[in-house]
Amino acid sequence: MNAAAAVDAADAAERSWAWVLDQVRWDDDGPWVGTDPPPASERDTVYEGVAGLAFALAEVRLARDWSPAESLLAEAVVDRLVRISPNQFEPSLYCGLAGSLTAIALLDRSAIDAPVQQLQQIVTESGWPTTLYPDHDRAVLHDVLVGNAGIVLATAWLDDPRANDLVTAGCDALLPGATETSAGLSWPIPGEFSRGTELPNYSHGTAGVATALAVAGRKLRRADWVEAARLGAQHVLALADLRDGGCRVPHYVPHGDHDEDPYTYGWCHGPTGTQHMFVALARAGVESVSGSSCTEVADRCLFSVIDSGVPARVRPGFWDNDGRCCGTAGVGDVFLDYYQGATDGQADVYLGFADTLAQALIDRAVPNPSNPAQVYWQFVEHRRQLPLLDPTAGWMQGAAGISAYLFRHARVKATGRDATRLSLPDNL
């Protein structure tokens, strides 16, 4: 990507962020996102709500000074999340209290007391029960998105002595939640949620839990947590396709007829996310898993992503999403991480692929018909009669997350490998 294209990335970032800001609505309780009032369970989440705006605002602030309107929004987001924290009982990173804690810390670290105290109030010996499934009252999940692992990552990332007891409570709940396998340990989603299948990758599976244990074990010098993480990695690696120099783990195990392709390549269920586990283990002092170097396996994960055909839509159902969770922006962010931290002579490869991903986002940006100065993205669900989905503004599946990647990409291109990196709990 040449210098002019880098300018295009910055331009696309500003235009899409302007569209996101136009989707912010206000009522007496503060801001919310969308054309219609969202359900109470979604209004304040990282995944698609107000807390996700904080993540985007933090990235914008690294690119330039906030406008007065952005400063006002940031203050209002912090104010709302602090106010609701004492009555917030969903604990998770992407749908609840740990997400509020992270969002507040990104914008105003002095204001974290309320969510920290509430997480302390609602923890049990099994960790934090979710409220997302009313038919399964007090169910405890262990994954990154809505379970204990995500809360461990958030409280460890906070790097505050007040949160260390939360890290410990979460890890002490994760260990007995493991299932022994022929290869190591797994943390499958409970059967009532999983339809009898395991999702072993990062967002809902063992890879995410092992990452959290490795991060926490390194931070608090707990060798037992690191060892559990290593055993989790052994299980995941036993499921992996390691042919042709790559590493990819099936989306579902057993695959059955869930998807047309057993493999996906994004942050959530593909090697883009799963490589975090091997990075976390290497940082925690684990040199190898099942005889394979942790750093080499992480590199193999990246090779599988590049070799997959991403970001081309090579067939119906393959790469129809450009968001952070399941698509192009989430992959791009990881490749920028590798570019900025490269010590293996592959920096140009990582940046080149990040360039390709940014260009795909620029090319796929859709001008807003009511204001062509703004752009957004529309994803595709090929199984629907009308496959083109409505644009959304959220962090994980919408324009806020994509805008953040484009802001970062343009900034890294302009500044170089030493550009400041936004630290987030689950992007190592």
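The expected span of a helix is 1.5 Å times one less than its number of residues. The exercises below apply to a predicted model.

**Exercise 1.** Check what span helix α15 should have against its end C-alpha atoms.

*Solution.* Start with the range: α15 covers residues 347–364, which makes 18 residues. At 1.5 Å a residue, the helix should span 26 Å. Now take the model: the end C-alpha atoms lie 26 Å apart, so the two values agree.

**Exercise 2.** List which residues of α15 are buried.

*Solution.* Apply the cut-off: buried means under 20% relative accessible area. In α15, that gives A347, Y350, L351, F353, A354, D355, L357, A358, A360, L361 and I362.

**Exercise 3.** Describe the largest pocket by volume, centre and lining.

*Solution.* Volume: the largest pocket holds about 1,200 Å³ of space. Centre: 46 residues line the pocket, and H251, N321, C326, E381 and R383 are the closest to its centre. Lining by class: 20 residues are nonpolar, 15 polar and 11 charged.

**Exercise 4.** Find which members of the largest nonpolar core touch the most other members.

*Solution.* The core has 137 residues. Y94, L213, L281, W377, W395, Y405 and L406 touch the most other members. Take L213: leaving out residues up to four places away in sequence, L213 touches C171, L174, L175, W187, W225, V226, A228 and A229.

Technical notes
Residues numbered from 1 in each chain as written. Predicted model: local features only at pLDDT ≥ 70, side-chain atom pairs only at ≥ 80, totals over all residues. Heavy atoms only, no water. Core = buried A, V, L, I, M, F, W, Y, C linked by side-chain atoms within 4.5 Å. Buried < 20%, exposed > 50% of the residue type's maximum accessible area, 1.4 Å probe, protein only. Contact = heavy atoms within 4.5 Å. Helix = DSSP H or I, 4+ residues; strand = E, 2+ residues; numbered from the N terminus. 1 Å grid on protein atoms, 1.4 Å probe; cavity = no way out; pocket = protein on both sides within 12 Å on 5 of 7 lines; lining within 4 Å. Points joined across faces, edges and corners; volume = space filled by probe spheres on them. Nonpolar A, V, L, I, M, F, W, Y, C, P; charged D, E, K, R; others polar.
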